[in-house]
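I opened this notebook page to record a look-up of charged side-chain pairs. The entries follow the order in which I consulted the model.

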Amino acid sequence: MDNPLIELERSALVRVAAAASIDDLEAVRVEALGRKGALAQVSKNFGKMSPEERAATGKLLNEVKQKLEQALEGRKAEFESAALRARLDSEWVDLTLPAPGTRAGSLHPVTQLQMEIEDLFTSLGFAVLDGPEVETEYNNFDALNIPPDHPARDMQDTFWVEGGYLLRTHTSAVQVRGIGRLKPPLRMIAPGRVFRNESVDASHEHTFYQLEGMMVDREVSVANLTYFMTTLLTAIFHREVTVRLRPGFFPFVEPGFELDIQCLICGGKGCPVCKQSGWVELLPCGLVNPHVLQMGGIDPEEWNGFAFGLGLTRLAMMRYGIDDIRWLQSGDLRFLNQFGGAAL
Ligand code: FA5
């Protein structure tokens, strides 16, 4: 029979070769080379051996130990490089592919609608004007025939700023700027954000959008006004909508009207958006009061005109079937992502 050390070496090498993991290797190492392992047991018997036998056994023991250590190291390196290869394979990235990029945003539904109306009115010869959100009291009220003590000031609960300034309560302030800057005949629209100290509910916001329109020419009539309003609503809704015209009071128009649209959320049956009335107030309008033209330096004997103040935020609600105005400024992506049609 072979020397037990040679036998031990052979069986340990077989187990190293057959090991399926680093843990298996560790088990072999502990059994053969550990403090209480097989080789340690052999060295315990040195005391009982003759000097020649001890020298020969010691030499053999060292050789076996070295061979086993080498075999264990070699196999361990194989396991480690296989693990590395597997990890590299699983984490492989093709750097030549185009980067995924960030998700493109889209325009807010009110902005989309505003741009559509701007296109429509531009094609009808209207200029698009802009004005400041912090306005003078004069442009927002006085120049529109609403002097300080006029009860019409109470119709628009105002955020006042010091020094005769305010957050504009309507885009009609841009009418005043337009009259002052453009010579008649003139056609202008002015979309923008306006502010009122309102209690917020399904159809009222403190911050909302309006779109002002004005045309000054010779012999402008209510028929012209109705034509432009009908053209606007047909283009926006792509279908017949039911509207009604009723008298409305605004000191800067005479006569003044309220153009209401039958509620498209409930089809006129009544809901929180139309306050159960079946109608939504959308488009106040009228013929420009001659005094307003006069204050702006336009001779009312020669020129007259119409003006309207479209509630753009409410129009967006009707157009897209939004049943609560608060969604529009919520910043909620679940809501906004539904209007991804028009990319930035
Ligand atoms: C005005 O602001 C007038 N400047 C409109 C005007 C212009 C009349 C030119 C005549 C000639 P009114 O306060 O009604 O009017 O507001 C106009 C529209 O803005 C309303 O019909 C409505 O659609 C919208 N609106 C008013 N208040 C709110 C609010 N709190 N939240 C959302 N939309 C509102």
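Predicted model: local features only at pLDDT ≥ 70, side-chain atom pairs only at ≥ 80, totals over all residues.

**Salt-bridge entries**

Residues are numbered from 1 along each chain as its sequence is written, and side-chain values use heavy atoms, with hydrogens and water left out.

Lys-59 forms a salt bridge with Glu-63, with 3.5 Å between the closest N and O atoms (a side-chain nitrogen of Lys or Arg within 4 Å of a carboxyl oxygen of Asp or Glu). I found both residues in helix α4 (residues 51-90), four residues apart, about one turn of the helix (helices are DSSP runs of H or I, at least four residues, and strands are runs of E, at least two, numbered from the N terminus). Glu-63 is partly exposed at 39%.

I next examined Arg-246 and Asp-260, whose side chains meet in a salt bridge at 2.5 Å, N to O. Arg-246 lies in strand β7 (residues 243-247) and Asp-260 in strand β8 (residues 253-262), so the pair ties together parts 14 residues apart in sequence. Asp-260 is buried, with a relative accessible area of 1%, whereas Arg-246 is partly exposed at 30%. I noted a network of salt bridges linking Arg-244, Arg-246, Asp-260 and Glu-281.

My search of the whole structure gave 18 salt bridges.

How values were computed: Buried < 20%, exposed > 50% of the residue type's maximum accessible area, 1.4 Å probe, protein only.
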